[in-house]
Amino acid sequence: MSHVYAQQIEYMCKTLHDRENVIVSLHPHNDRGCAVADTELGLLAGADRVEGTLFGNGERTGNVDIITLALNMYLHGTEPQLDLSDLPKLTEAYERLTRMKVYERMPYSGQLVYAAFSGSHQDAIAKGMKWREEKNAEKWNVPYIPIDPHDVGREYEGDVIRINSQSGKGGIGYLMEQTYGISMPPKMREHFGYTVKSVSDKAHKELMPNEIYEIFEKNYLRHTPLELAEAHFTQGDIITAKVTLKINGEKRVLSGEGNGRLDAVSNAIKNGLGIEYHIETFAENAMEQSSKSKAASYIGITAPTGISWGAGIHTDIITASLRALVAAINNSNLINM
C-alpha cells in the first residue's frame, strides 16, 4: 500500500550512508492503480526524482502519469517546472504520434474532466462561479474543479456545465444565464429544469446550448392563441390601458385600469376575455450591459388550471413584461377553456 511504500523510502533516506551523495529516484508501476499516490507519498518521504510517462503509458498497466502528478503538485502550490499550459495541444500530439487515445475522463487532460452533468455538481459549480464573479476572487476555489481550466489551456464557458437527463435546475439555469442572459426566477428555473431533463431523457442524448434555448423559446415565448399587437396607456391617478390583441388571428380591442401598466393590461385581458388568474411571480433582467440591451421578463400566473409561466424579450421592458404575461396566459390554456 502507498503508505508502506513511503515508509520504505523514508527508512532508506534516513539510514543510508552518505545520503547526500545519492539521488533517490522513484519508478512506480501502476499495477495496483496507486502509482500517483505512491509517488506523492514517496516524494513526501524524501525522494529526489521521479521517472514517469505521459498519460501513464508504460509497462503493463503503465507507470506514474507525470502530467497528473505534476498538476497535483501545482494544485497544492508546488511548481512542477513543467510547461503544461496547453494540455489540448499536448494531448493531440500524444494521440497522433502514439496512435493511442487519452481516456475522456483522464485526470486534468480528458475531454470530460471539466464537464459536470450531475445536478448537485452543477449547482455547486454554478454557485462557486457566481461567488468568484461577485467577490472578484484572485484564487481559484470552485467546487469539483480543482484547478482553473485556463491554466492548462482549457475553457469553462459552455464546457463545465453540460446538460443531459442527470442535470439539475441550477446547472441549466446557469447555462442559460451565461450563454443567453436569461435569468429566470427560482420556481420558473425549476419548472424549466424538469422540462429540459424530460426532453434529454426521451432523446437519450446530451443537449447543446442552442437546443436548450429552443426548448425555452417553445415553452415560454408562446404567441398563440393570444397575441399582443399593441398597447397604449393614459396616465392619471390610475393608468388606463387600451390593448389590441389577436385571438387565433382575430383582432380585439380591450380596455382596463390598474395601478401600473402591467396591472392595467392584465385587468383589460381578464375583463375583456372573461378569464380569471393571479400574477404570482414577476421578475426581469437586462440581458446585456449596454444602453441598447434587450430586457427579459418572466411571469408566473395561478389559474384554475394551475400555475403557468411565460417570458418576454424586447428592448422595451414594458413590452417584454406584457409579452411575458400573454405567454403565461397561453400556457395556462385559459383561452381554450
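This is a predicted model: local features need pLDDT of at least 70, side-chain atom pairs count only at pLDDT 80 or more; totals for chains, interfaces and linings use all residues.
How many bridges join strand E7 to E8? There are nine, and the two strands run antiparallel.

- Strands E6, E7 and E8 form an open sheet in the order E6-E7-E8, paired in antiparallel fashion.
- Strand E6 (278-286) and strand E8 (306-314) are the edge strands; each has a single partner strand, so one side of each has no neighbour in the sheet.
- From one strand to the next, the twist averages 15 degrees.
- For a landmark in the pairing of E7 (residues 295-303) with E8, look at Ser297, which stands opposite Gly312 in E8.
- Helix H7 (residues 186-203) lies across E7 and E8, and runs at about 100 degrees to E8.
- Helix H10 (residues 317-332) also packs on the sheet, where it touches E6, E7 and E8. The direction of H10 makes about 145 degrees with that of E8.

**Helices H5 and H6**

- Two packed helices are described by the angle between their axes and the distance between the axes.
- For helix H5 (residues 119-135) and helix H6 (residues 169-180), that angle is about 40 degrees and the axes are 7 Å apart.
- H5 and H6 are therefore oblique to each other.
- On the H5 side, the contact is made by Gln122, Asp123, Ala126, Met129 and Glu133; on the H6 side, by Gly170, Gly171, Ile172, Tyr174 and Gln178.
- Sorted by class, the contact of H5 with H6 has four nonpolar, four polar and two charged residues.

**The buried side of helix H2**

- Within helix H2 (residues 35-44), the residues Ala35, Asp38, Thr39 and Gly42 are buried.
- These four cover an arc of only 95 degrees around the axis, so they sit on the same side of H2.
- Their cover includes helix H1 (2-15), strand E1 (25-26), strand E2 (49-50) and helix H3 (66-75).
- Just after H2 comes Gly46, which takes a positive phi of about 125 degrees.

**A closer look at Thr39**

- Thr39 lies in H2 and counts as buried because its relative accessibility is 0%.
- Setting aside neighbours within four places in sequence, Thr39 is in contact with Leu26, Pro28, Val50, Val64 and Leu69.
- Thr39 and Val24 are 15 residues apart in sequence, and 12 Å apart in space from C-alpha to C-alpha.

Technical notes. Residues are numbered from 1 along each chain as its sequence is written. Side-chain values use heavy atoms; hydrogens and water are left out. Buried means under 20% relative accessible area, exposed over 50%, partly exposed in between (1.4 Å probe, protein chains only). The arc is that of the directions from the helix axis to the C-beta atoms. Contact means heavy atoms within 4.5 Å. Axes are lines fitted to C-alpha atoms, for helices over the stretch in contact, and angles run from 0 to 180 degrees between N-to-C directions. Angles under 35 degrees count as roughly parallel, over 145 as roughly antiparallel, 65 to 115 as roughly perpendicular and the rest as oblique. Ala, Val, Leu, Ile, Met, Phe, Trp, Tyr, Cys and Pro count as nonpolar, Asp, Glu, Lys and Arg as charged, and the others, Gly among them, as polar. Two strands pair if DSSP finds at least two bridges between them.
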